[in-house]
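I keep these notes as I look things up in one structure. The entries follow the order in which I went through them.

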Amino acid sequence: MSNQYMMTGYPGFIAGRLFRALAERDPSASFVFLVHPSQLEKARELTEAEERVRLLVGDITREGLGLSAEELPALRESITHFFHLAAIYDLAVPREAAYTVNVIGTEHVNRFVSTLKHLKRYIYFSTAYVSGNRTGIVKEDELDCGQGFKNHYEATKFEAEKRVAALKDVPCTIIRPGVVVGDSQTGETVKFDGPYFVMRFLDGMGNLPVPYVGKGSNPFNIVPVDYILKATVWLAHAEKGANRTFHLTDPSPYTAREVYRMICEELRGKAPSYTIPGKVADWLMSIPPVRKFFDVERESISYMSEQSEYDCSQAVSVLAEGGIRCPDLASYLPTLVRYYKEHREDPDKKILIR
């Protein structure tokens, strides 16, 4: 029986690239994408020439994933791998919207996955930031340690992961990425969010002297999307990947201050020359006109002072068997910055600043 992969979250950036990686690894496989109605036109354009792909219009927030009763029996007999990537990733998302998609949607996916008769693996995309406001070392086999959360995104992804981890008789692989940036070889990314706010902030400074923001002594865990893809494909098929959780994070992250300096040197040609306190920066970014001027999300700033250290020894060990390792940020940062320079005026890559 050939593998048939089913995926939510298509045609998102990671889901679209994951499809290509899986298709390359498994030439005889077929694919079923559960596509939200709002994304159907884009999905059709991207898969028009793909004979191995079938698009199903659905919605994870609805029972049965919004699929018709006629479609379910065949899926239950044919799906061998299920990848659940659909979620709301907005750091400023209201609680109700985040809970509906991230928690209730995952509950619906869990129930559907539990009915698949030939399932080899259920791969759930969580986030390293289910650690919330924990400090110190966070291990891959830890989840609920009484932590609080910085935003509704973290809180709802935590609740969703708890539900996946509680599944019985379903072979699961839980993926917890760090902060994902563009491709280490090409720099390609779909949006200039997350760490790219540093580049947007530096652009907003114009010719003014650039400051460091806060002490920045904490690790800032950045990983390129191509590493996430290679690791996910390997873990989804490796026996040692079953029923385990993996931090796809940088095993040797730079500090936030080092990352900021490297970006500044690459983008502006020189290092920052003075420091402003983190609390001052946070206060400034609480003012809407300031956020809009610098084109920076306030919620992103907290991740520059994230105090968790993500142990990824399980991931490193299993991925080593496939010759997969996370590249050093310094080796590909120039590529990320070059891509940003070439596309920073692209309106499709900008995000709404509140």
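Is Phe149 buried, partly exposed or exposed? I found Phe149 partly exposed, at a relative accessible area of 27%. For this term, buried means under 20% relative accessible area, exposed means over 50%, and partly exposed lies in between, with a 1.4 Å probe and protein chains only.

Entry on the model. I note that this is a predicted model, in which local features need pLDDT of at least 70, side-chain atom pairs count only at pLDDT 80 or more, and totals for chains, interfaces and linings use all residues. Residues are numbered from 1 along each chain as its sequence is written, and side-chain values use heavy atoms, with hydrogens and water left out.

Entry on aromatic rings. I looked up the ring pairs and found 16 aromatic pairs in the structure. A pair of aromatic rings is described by the distance of the centres and the angle of the planes. Rings of Phe, Tyr and Trp (its six-membered ring) pair if their centres lie within 6.5 Å; planes under 30 degrees apart count as stacked, over 60 as edge-to-face and the rest as tilted.

I then took the pair of Phe19 and Phe31. The ring centres of Phe19 and Phe31 are 4.9 Å apart and the planes stand at 85°, so I wrote this pair down as edge-to-face. Phe19 belongs to helix α1 (residues 13–25) and Phe31 to strand β2 (residues 30–35), so the pair ties together parts that are 12 residues apart in sequence. Helices (H or I, at least four residues) and strands (E, at least two) are DSSP runs, numbered from the N terminus. Phe19 counts as buried at 5% relative accessibility, and Phe31 counts as buried at 1%.

Next came Phe149 again, with its partner Phe158. Their ring centres are 5.0 Å apart and their planes are at 45°, so the pair is tilted. Phe158 is buried, with a relative accessible area of 5%, while Phe149 is partly exposed.

I also listed a cluster linked by ring pairs: Tyr5, Tyr10, Phe19, Phe31, Phe33 and Phe83.

Entry on the backbone. Which peptide bond did I note as cis? The bond from Tyr10 to Pro11 is cis, with omega near 10°. Pro11 sits in the loop between β1 (4–8) and α1.

I looked up two residues with positive phi. Leu65 is not a glycine, yet its phi is near 60°. Leu65 lies in the loop between β3 (53–57) and α3 (72–78) and counts as buried at 0% relative accessibility. Asp169, also a residue other than glycine, has phi near 60°. Asp169 is in the loop between α5 and β7 (172–177) and counts as exposed at 83% relative accessibility.

Entry on Thr173. This residue is in strand β7 and counts as buried at 1% relative accessibility. What does Thr173 contact, leaving aside its neighbours within four places in sequence? I found Arg121, Tyr122, Ile123, Tyr124, Leu235, Gly241, Ala242, Arg244 and Phe246. Contact means heavy atoms within 4.5 Å. Thr173 and Ala242 are 69 residues apart in sequence, and their C-alpha atoms are 5.4 Å apart in space.

Entry on helices α4 and α5. The axes of α4 (residues 95–113) and α5 (residues 152–165) come within 9 Å and cross at roughly 15°. Axes are lines fitted to C-alpha atoms, for helices over the stretch in contact, and angles run from 0 to 180 degrees between N-to-C directions. The two helices, α4 and α5, are therefore roughly parallel to each other. Angles under 35 degrees count as roughly parallel, over 145 as roughly antiparallel, 65 to 115 as roughly perpendicular and the rest as oblique. Residues of α4 in this contact include Arg95, Tyr99 and Glu107, and those of α5 include His152, Lys157 and Arg163. I counted the residues of this contact by class as six nonpolar, five polar and five charged. Ala, Val, Leu, Ile, Met, Phe, Trp, Tyr, Cys and Pro count as nonpolar, Asp, Glu, Lys and Arg as charged, and the others, Gly among them, as polar.

Entry on helices α8 and α13. The axes of α8 (residues 256–268) and α13 (residues 329–343) come within 10 Å and cross at roughly 50°. The contact of α8 with α13 has 10 nonpolar, no polar and two charged residues.
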